[in-house]
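Let's walk through this model together, from its helices to its ligand. Please have the viewer open as you read.

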Amino acid sequence: MILETIVTTSSADGTPHLAPMGVHLSGPEYLILPFRPSTTLSNILATGCAVTNATDDVRVFAGCLTGRRDWPLVRADCVKGVRLMHTLSHTELELIRLDDDPVRPRLVCRAVHEAVHGPFTGFNRGQLSVIEASILVSRLDLLPLEKIEQELAFLRIGLEKTAGPRELEAWDWLMTRVATWRRNAGWSVTSGAEET
Ligand SMILES: Cc1cc2nc3c(=O)[nH]c(=O)nc-3n(C[C@H](O)[C@H](O)[C@H](O)COP(=O)(O)O)c2cc1C
């Protein structure tokens with residue numbers, strides 16, 4: 001199973017970093033697979049640890065992809081690193097092994113500590129829409145425009161039917177980014193606002 005989480009890490013000098021990452025659960029192992037180059041990869045190799053944050057605030061996912069990384073953090077309980085202050089739960093990981101690869105190394109980790117901070121209140125289709133749209137935004141230069149447009153049109157249905165203010169704000173950030181990308185790529189802008 002792959003969990004879409006926010007991975008928080010710190011550099012050797014303590015500079016924190018956040019990135020959405022799909023973390024693969026394989027028995028007791030947590031696999032983090034960053035594409036090179038990656039600050040998350042450098043930080044985990046420097047400190048030997050990472051934290052996965054299970055948050056239902058999808059603005060953090062969309063924010064990281066649109067230059068909004070300034071989310072409140074607190075020190076992790078057991079490892080050298082940080083976690084999101086507002087997260088439903090977090091798991092602190094220790095690096096066991098690096099399976100190196102020139103494109104996408106595998107960081108094999110194990111959990112050394114976890115804690116629950118708030119209740120899971122249920123699923124919301126708007127959250128799915130924002131997470132999927134965040135993935136599309138992270139691949140704007142890799143995917144055909146037609147596929148991006150089709151997928152966003154589908155994701156917008158669930159968003160418009162079910163979203164709350166957090167999901168709508170996150171969606172807005174992403175659509176602004178898509179509009180800017182379209183303009184820079186020479187496509188006409190059909191949806192979303194322009195970035196200033
Ligand atoms: C839900 C979600 C899952 C992602 N999973 C991965 C992943 O497994 N590996 C990866 O390299 N990037 C992934 N990304 C994209 C990264 O978050 C983004 O490219 C980030 O900048 C990674 O680079 P960094 O470690 O330098 O921050 C994901 C993005 C989203 C929205």
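Helices here are DSSP runs of H or I with at least four residues, strands are runs of E with at least two, and both are numbered from the N terminus. This is a predicted model, in which local features need pLDDT of at least 70 and side-chain atom pairs count only at pLDDT 80 or more, while totals for chains, interfaces and linings use all residues. Residues are numbered from 1 along each chain as its sequence is written, and side-chain values use heavy atoms, leaving out hydrogens and water.

**Helix α1**

Let's begin with α1, residues 39-47. At its N-terminal end sits S38 as a cap, with a side-chain oxygen 3.2 Å from the backbone nitrogen of T40. T40, L41, N43, I44 and T47 are the buried residues of α1, where buried means under 20% relative accessible area (1.4 Å probe, protein chains only). Viewed down the axis of α1, these residues fall within an arc of 165 degrees, so they line one face of the helix; the arc is taken over directions from the helix axis to the C-beta atoms. The strands they pack against include β1 (2-10), β2 (16-26) and β7 (89-99). After α1 comes G48, with a positive phi near 75 degrees.

Which residues does S11 touch, leaving aside its neighbours within four places in sequence? They are N43, T47 and K80, with contact meaning heavy atoms within 4.5 Å. S11 belongs to the loop between β1 and β2 and is buried, at a relative accessible area of 15%. Its side chain also makes a polar contact (a pair of N or O atoms within 3.5 Å; within protein, one must be able to donate a hydrogen and the other to accept it, and residues adjacent in sequence count only if both atoms are side-chain atoms) with the side chain of D13, at 2.5 Å.

**The ligand**

The ligand is surrounded by 17 residues, the closest being H17, P20, F35, S38 and T40; a residue counts if one of its heavy atoms lies within 4 Å.

| Residue atom | Ligand atom | Distance |
|---|---|---|
| G22, backbone N or O | nitrogen | 3.0 Å |
| F35, polar backbone atom | oxygen | 2.8 Å |
| R104, side-chain N or O | oxygen | 3.0 Å |

Taken alone, the ligand exposes 630 Å², and the protein buries 84% of that.

**Helix α5**

Finally, α5 (residues 165-184) has 20 residues. Its buried residues include W171, W173 and W181, and their cover includes α2 (59-65), α3 (125-138) and α4 (145-162). Just after α5, G186 has a positive phi of about 90 degrees.

Definitions and conventions
The expected span of a helix is 1.5 Å times one less than its number of residues. Buried means under 20% relative accessible area, exposed over 50%, partly exposed in between (1.4 Å probe, protein chains only). Accessible areas come from the Shrake-Rupley method with a 1.4 Å probe; for residues, only the protein chains shown count as cover.
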